[in-house]
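Here are my comments on the model you sent. Please read them with the structure open.

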Amino acid sequence: MPTDAQIAGGHKANLNNPNTSKESKENSQRILDNEFNGGDVPKASDTKDKNPGNVAGGLKATMKNPNVSDEAKRSAEERLNNM
């Protein structure tokens, strides 16, 4: 069963998809406005504790990724050091 965040995310994606019709976009916007507080719903990850080992691994990967900006690498390093 999809979460509210996943449903709202699908409607948000539809709004930004150049291949969907105007009617479809209007329907998605109406649903977001009426059922999901304009799309402002908690992320699925906001309701669960994160595995610290996975978080650390992701931060380490960010620091070694050549496609990541220096600013993002510094941020990842600071977050890793603060764990």
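Against which element do the buried residues of α2 pack? They pack against α1, residues 4-16. Keep in mind that this is a predicted model. My points follow.

1. **The buried side of α2.** Ser28, Ile31 and Leu32 are buried in α2. Seen down the helix axis, the buried residues fall within an arc of 100 degrees, so they line one face of α2. The face turned away from that buried side carries exposed residues: Lys22, Glu23 and Asn34.

2. **Length and end of α2.** The helix has 14 residues. From first C-alpha to last, α2 reaches 20 Å, close to the 20 Å expected at 1.5 Å a residue. Asparagine 37 follows α2 and has a positive phi, near 50 degrees.

3. **Serine 28.** This residue sits in helix α2, which covers residues 22-35. Is serine 28 buried or exposed? Serine 28 has a relative accessible area of 4%, which is under the 20% cut-off, so it counts as buried. Its side chain makes a polar contact with the side chain of asparagine 14, at 2.7 Å. Leaving aside neighbours within four places in sequence, serine 28 is in contact with His11, Asn14 and Leu15.

4. **Arginine 30.** Arginine 30 also lies in α2. Its relative accessible area is 46%, and it is partly exposed. How far apart in space are arginine 30 and histidine 11, C-alpha to C-alpha? The distance is 9.7 Å, for two residues 19 apart in sequence.

5. **Helix α3.** This helix has 13 residues. Its span, first C-alpha to last, is 19 Å, close to the 18 Å expected at 1.5 Å a residue. Look at the start of α3: a side-chain oxygen of asparagine 51 reaches to within 2.8 Å of the backbone nitrogen of glycine 53.

6. **Methionine 63.** Methionine 63 is found in α3, residues 52-64. The residue is partly exposed, with a relative accessible area of 28%. Which residues does methionine 63 touch, not counting those up to four places away in sequence? They are Lys73, Ala76, Glu77 and Leu80. As for asparagine 14, its C-alpha is separated from that of methionine 63 by 33 Å. The two are 49 residues apart along the chain.

Terms used: Residues numbered from 1 in each chain as written. Predicted model: local features only at pLDDT ≥ 70, side-chain atom pairs only at ≥ 80, totals over all residues. Heavy atoms only, no water. Helix = DSSP H or I, 4+ residues; strand = E, 2+ residues; numbered from the N terminus. Buried < 20%, exposed > 50% of the residue type's maximum accessible area, 1.4 Å probe, protein only. Polar contact = N/O pair within 3.5 Å; in protein donor to acceptor, adjacent residues only side chain to side chain. Contact = heavy atoms within 4.5 Å. Expected span 1.5 Å × (residues − 1). Arc of directions from axis to C-beta.
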